[in-house]
Amino acid sequence: KCNNEDRTMNIGKLIYEHLTDAAVEEKVIQALNDAVDIPFINEKTEERIARAVWSAVTDVLKKVLEAK
């Protein structure tokens, strides 16, 4: 029998796995890069920043989604 806490953990795990899927990650990073235009920074640097931001977000989400 699966209790609510187990279901919440399973849903959190599914969400995290989906968000960290390589294809989803690329779509998010591309969308972030497209949305942010910093005139004095080239696209490659903007992409590195978007990747760093996404990495930080997924790290936090992992902790939040695994929290009881």
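Glu47 and Arg51 both belong to helix H3; they lie 4 residues apart, so about one helical turn separates them. Their side chains meet in a salt bridge, with an N to O distance of 3.1 Å. The model is predicted.

A salt bridge joins Arg51 to Glu26, and the closest N and O atoms are 3.0 Å apart. This pair links distant parts of the chain. Side chains of opposite charge can pair when their charged atoms come close. Taken together, Glu25, Glu26, Glu47 and Arg51 are linked in a network of salt bridges. The structure holds 4 salt bridges.

Arg51 is partly exposed, at a relative accessible area of 29%. Glu25 is partly exposed too, at 26% relative accessibility. Glu26 is partly exposed, with a relative accessible area of 40%. For Glu47 the relative accessible area is 24%, and this residue also counts as partly exposed. Each value falls between the 20% limit for buried residues and the 50% limit for exposed ones.

The overall architecture is helical. The secondary structure of the protein comprises 3 helices and 0 strands. From the N terminus on, the elements run α-α-α. Of the 68 residues in the protein, 13% are buried. The protein exposes about 5,300 Å², and carbon and sulfur atoms supply 59% of that area. Contacts between residues at least 6 apart in sequence were also considered; 53% of them join residues at least 24 apart.

Helix H2 covers residues 22–35. Its 14 residues should span 20 Å at 1.5 Å a residue. The end C-alpha atoms are 20 Å apart, which agrees. At the start of H2, a side-chain oxygen of Asp21 comes to within 3.1 Å of the backbone nitrogen of Ala23. The buried residues of H2 are Val24, Ile29 and Asn33. Viewed down the helix axis, these buried residues fall within an arc of 165°, so they line one face of H2. Exposed residues Lys27, Asp34 and Ala35 are carried on the face turned away from the buried side.

Helix H3 has 24 residues. The distance from its first C-alpha to its last is 34 Å, close to the 34 Å expected at 1.5 Å a residue. At the start of H3, a side-chain oxygen of Asn42 reaches to within 3.1 Å of the backbone nitrogen of Lys44. The buried residues of H3 are Glu46, Ala50, Trp54, Thr58 and Leu65.

Thr58 lies in helix H3. At 7% relative accessibility, Thr58 counts as buried, because the value is under 20%. Leaving aside residues up to four places away in sequence, Thr58 touches Tyr16 and Thr20. Glu66 also lies in helix H3. At 45% relative accessibility, Glu66 counts as partly exposed. Glu66 and Ile11 are 55 residues apart in sequence, and their C-alpha atoms are 9.7 Å apart in space.

Methods: Residues are numbered from 1 along each chain as its sequence is written. This is a predicted model: local features need pLDDT of at least 70, side-chain atom pairs count only at pLDDT 80 or more; totals for chains, interfaces and linings use all residues. Side-chain values use heavy atoms; hydrogens and water are left out. Helices (H or I, at least four residues) and strands (E, at least two) are DSSP runs, numbered from the N terminus. Buried means under 20% relative accessible area, exposed over 50%, partly exposed in between (1.4 Å probe, protein chains only). Contact means heavy atoms within 4.5 Å. Accessible areas come from the Shrake-Rupley method with a 1.4 Å probe; for residues, only the protein chains shown count as cover. The expected span of a helix is 1.5 Å times one less than its number of residues. The arc is that of the directions from the helix axis to the C-beta atoms. A polar contact is a pair of N or O atoms within 3.5 Å; within protein, one must be able to donate a hydrogen and the other to accept it, and residues adjacent in sequence count only if both atoms are side-chain atoms.
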